[in-house]
Amino acid sequence: MTLLDGKQVSNDIKEEIKAEVDKMISKGERVPHLAAVLVGEDGASLTYVGSKVRACERIGFDSTLVKLPASTSEADLLKTVEGLNNNDAIDGYIVQLPLPKHIDEQKVLLAVDPDKDVDGFHPTNFGRMALDMESFIPATPYGIIELLRRNNVDTQGKHTVVIGRSHIVGRPMSILMSQKGNPGNSTVTLTHSRTQNLEAYLREADIVISALGVPEFVKADMVKDGVVIIDVGITRVPDASHPKGYVIKGDVAFDEVSKKASFITPVPGGVGPMTIAMLLKNTLLARERRSN
Ligand code: NAD
């Protein structure tokens, strides 16, 4: 079994990006600048945005955090988005989800300039990705592709079963795995909450990519020997014995499934760290595309 070490690979990617930034600095060029918009005080969102901003600082990007109160109106948020679209100093930005209930998420994501949409959530980028055109690929699926690529995991002609059809992970993942290329060239089954007899698909799968958010849902008896496991799930499970009062669990029962797997991502330390690295990569790409 080979552990797909997202921490190590993401550090490699960050080093590569930092080397590009150092080159920009030595040429007297402007460094990439990522902005993040956070509406409200949601604890998990604060943590995610905080780690994105810190990652920017560590590799030498400029970063701006736009913090707005939970009571911000949709109109005011749209004005902020327009301001970022028109701000030449900003190469890319993200609007941290979820947004408060009174704001139409789709309306906001549609207002983001696709050339600055480093989360890859705008329909223009999603469509371009699906058509093999230059785009911004959403960071988590992009991270999974890089993790497979850099570990030389063979996906060609394999049967990949994706669990979950979210717009940010499952759906784009199914498209990327079926695309021509390496990683890619896979035969993909996209499963979801209405799939009947999911276990029958899983038992046939050469590669399982699980993004559903149910702790330890995938058990050893559901997969075949030699399976490749990508566990996207992150769920906080209450645990009084832990100082934080919870532990992080993936979708896969790691201890038992790892015994059958040829490759497997741990949780934490697998897909999670890759997501931030690929957001930085997209910001570097945004900066490079804007200067061309
Ligand atoms: P989601 O939470 O929006 O949706 C869950 C998906 O699972 C749905 O498409 C649903 O159809 C499917 N599903 C639910 N029950 C099912 C069942 N019994 N059988 C088959 N499919 C079922 O999805 P998401 O936003 O992609 O998040 C999924 C998990 O991935 C969560 O734990 C989330 O925290 C995690 N996540 C991790 C990262 C990362 O960087 N590692 C990034 C995004 C999401």
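The chain of this predicted model is divided into two domains, domain 1 (28-113) and domain 2 (139-272). Their centres, taken over C-alpha atoms, are separated by 29 Å.

Start with domain 1, which spans residues 28-113. Strand S2 covers residues 33-39, and strand S3 covers residues 62-68. These two strands run parallel and are joined by seven bridges. What lies on the path between S2 and S3? Helix H2 (residues 43-59) does, and together with S2 and S3 it makes a β-α-β unit. The unit is right-handed.

Now turn to the open sheet of six strands. Its order is S1-S11-S8-S7-S5-S6, and the pairing is parallel. Which strands form the edges? They are strand S1 (2-3) and strand S6 (187-191), each of which pairs on one side only. Strands of a sheet pair through backbone hydrogen bonds, either parallel or antiparallel. Inside the order, strand S5 (residues 159-163) pairs with strand S7 (residues 207-210). That pairing is in the parallel sense and has four bridges. Here Thr-160 stands opposite Ile-207 in S7.

Most residues other than glycine have a negative phi, and most peptide bonds are trans. The bond from Leu-97 to Pro-98 is cis, with omega near 0°. Pro-98 sits in the loop between strand S4 (92-95) and helix H4 (105-111). The bond from Val-267 to Pro-268 is also cis, and its omega is near -5°. Pro-268 belongs to the loop that runs between strand S11 (263-264) and H10. Then look at Asn-185. Its phi is positive, about 50°, although Asn-185 is not a glycine.

The shell around the ligand has 20 residues. Which of them come nearest? They are Arg-165, Ser-166, Ser-193, Ile-234 and Thr-275. By type, the shell divides into ten nonpolar residues, nine polar ones and one charged. Helix H10 (residues 271-291) gives the largest share of the shell, three residues.

In the side chain of Ser-166, an N or O atom is 2.6 Å from an oxygen atom of the ligand. For Thr-275, the distance from a side-chain N or O atom to a ligand oxygen is 2.8 Å. Ile-234 uses its backbone instead: a polar backbone atom is 3.0 Å from an oxygen atom of the ligand. How much of the ligand is buried by the protein? Taken alone, the ligand exposes 850 Å², and the protein buries 70% of that.

Definitions and conventions
Residues are numbered from 1 along each chain as its sequence is written. This is a predicted model: local features need pLDDT of at least 70, side-chain atom pairs count only at pLDDT 80 or more; totals for chains, interfaces and linings use all residues. Side-chain values use heavy atoms; hydrogens and water are left out. A residue is near a molecule or strand if one of its heavy atoms lies within 4 Å of it. A polar contact is a pair of N or O atoms within 3.5 Å; within protein, one must be able to donate a hydrogen and the other to accept it, and residues adjacent in sequence count only if both atoms are side-chain atoms. Accessible areas come from the Shrake-Rupley method with a 1.4 Å probe; for residues, only the protein chains shown count as cover. Ala, Val, Leu, Ile, Met, Phe, Trp, Tyr, Cys and Pro count as nonpolar, Asp, Glu, Lys and Arg as charged, and the others, Gly among them, as polar. Domain bounds come from an automatic or database domain assignment. Two strands pair if DSSP finds at least two bridges between them. A crossover is right-handed if, with the strands pointing away from the viewer, the path from the first strand over the helix to the second runs clockwise.
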